Amino acid sequence: MHTKTSCLLPGYCFLIATLLLLTLFKPVFASNENKITIAFRFDDYSATSNTLLEKNLINAFDKNGLSITIGVIPNIMTGDYHQSDGDSYETLPENKKDILRNAYFKGVIEVALHGYTHQRNKVSQTMSEFAGLEYEKQYDLLKTGQTMLEEIIHAPVTTFIPPWNSYDNNTLKALDALDFKTISADFNGTYNTTTPLQFLPFTCDLAGFKSTLEHAEKRKGNSPLIVVMIHQYDFLEISSERGSYYFQEFENLLHDLALRNDLVLTDLAGVENYYQNIYAPKYNQLVTTKKLFLKAFPVQLVAPPNLYMSDTFLLEQKLFVYLYLYLIPLILAFAFYFILQRIWVRRNMQIPFTGIITLLLFTSIFIFTRLNPGGYKITLILQILSGFFLALTILRYRRNKTVSY
Ligand SMILES: [Zn+2]
């Protein structure tokens, strides 16, 4: 029993020291790349969307020598596509096909598939055209949509933007089978680490772009990547309620961005030319780092912006959280130790050794694994309990040592 306990404290200290050292060595790992990559994505181009706005948007990118991914709905449901029971649809008219074709050949846009009808399906609990459907059905929808778009631009369409950013594992399987290269949804999507797809979830909408860029500027050395999701309702001319920019303001913004040499501006397909590692393992890293943060800190305190960051940065972030998770129990353990020592000496209390160790292990496991059921408050309670049980363990160990000598 003695040997087991005596391993505990040095082990703990060793771990803390290692984590501290790794944090100190940050400059060694830091990347030299000081650029921010920004990819633009515009959703909901269809027979019923605002053609004038789309022409102006494409024109604005063209004028500044930039490109944007246009998410096209090839056969939109007319009427309210949030309803699953409608049955009238409309394919792109010739003028809208021409706009796409011309802009594509100029290199101003990437054409992406944004659903087939964008209509909510009958099976999914949440808004989704794809999630919940059988594989064959999803494959057919994707293939039909992809073929329709490929016939317009006479080139492969390899990026998929699921309506409402919602999809499931069958969607990924069907995308793989249809030679799609990229999926752009959000940070709540499913993934498996074997798919060859690139994951480029949107990191902000147009309203949140400026603050996201500010976050990215503070972390320039860590290769931030921003994916901006734009809808027609982001423009005040289209929607005075949801809009955040007048078109002219947006055009000015784009112009300013284009002049900066610390930014790389591209469409979704272009990201791979500037940014390594945008596959499922990276997406997994981003999602797990975010979850870890939310386990330790209140969301308003941390608010980790959904940015793509370098592997080094994500590792640092994780180490930082782990350090916090370990340090708090350790500091508390010392405090508890001195308090408990006094009570112990006065009353000569008996403490069941196996019980303490079990509780210590139990609380530690809950802190450091996914078993933790809630946010930072539960974590804090577990940290306090761990500190308490650790103090008891040290106390018990030291007393036994005194007794045996
Ligand atoms: Zn949409």
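## Val228 and the nonpolar cores

Val228 touches Ile38, Phe40, Arg41, Cys204, Leu206 and Phe209, leaving aside residues up to four places away in sequence. The model is predicted. Val228 belongs to the largest nonpolar core, which has 70 residues. Within that core, Ile70, Val72, Val111, Ala112, Ile226 and Val228 touch the most other members.

In soluble globular proteins, nonpolar side chains tend to be buried together.

## Ser223

Ser223 sits in the loop between helix H7 (209–218) and strand E10 (225–230). Is Ser223 buried or exposed? Ser223 is buried, because 25 other C-beta atoms lie within 10 Å, and the cut-off for a buried residue is 20 or more.

## Helices H3 and H4

Helix H3 covers residues 51–63, and helix H4 covers residues 94–106. They pack at an angle of about 5°, and their axes are 11 Å apart. Angles under 35 degrees count as roughly parallel, so H3 is roughly parallel to H4.

From H3, the contact takes in Thr51, Glu54, Lys55, Ile58 and Asp62. These meet Lys96, Ile99, Ala103 and Lys106 of H4. By type, the contact residues are three nonpolar, one polar and five charged.

## Helices H5 and H6

Helix H5 (residues 135–153) packs with helix H6 (residues 169–177). The angle is about 50°, with the axes 9 Å apart. H5 and H6 are therefore oblique to each other. Their crossing is right-handed.

Which residues of H5 meet H6? They are Tyr135, Gln138, Tyr139 and Leu142. On the H6 side are Asn170, Thr171, Lys173, Ala174, Leu175 and Ala177. This contact divides into six nonpolar residues, three polar and one charged.

## The whole chain

The protein has 14 helices and eleven strands. Of its 405 residues, 35% are buried. Ser223 is one of the buried residues.

How much of the contact count comes from residues 24 or more positions apart? Among contacts with a separation of 6 or more, such pairs account for 74%.

Conventions
Residues numbered from 1 in each chain as written. Predicted model: local features only at pLDDT ≥ 70, side-chain atom pairs only at ≥ 80, totals over all residues. Axes fitted to C-alpha atoms, helices over the stretch in contact; angles between N-to-C directions. Helix = DSSP H or I, 4+ residues; strand = E, 2+ residues; numbered from the N terminus. Parallel < 35°, antiparallel > 145°, perpendicular 65-115°, else oblique. Contact = placed C-beta atoms within 7 Å. Nonpolar A, V, L, I, M, F, W, Y, C, P; charged D, E, K, R; others polar. Left-handed = near helix turned anticlockwise from the far one by under 90°. Core = buried A, V, L, I, M, F, W, Y, C linked by C-beta atoms within 7 Å. Buried ≥ 20, exposed ≤ 12 C-beta atoms within 10 Å, placed from the backbone.
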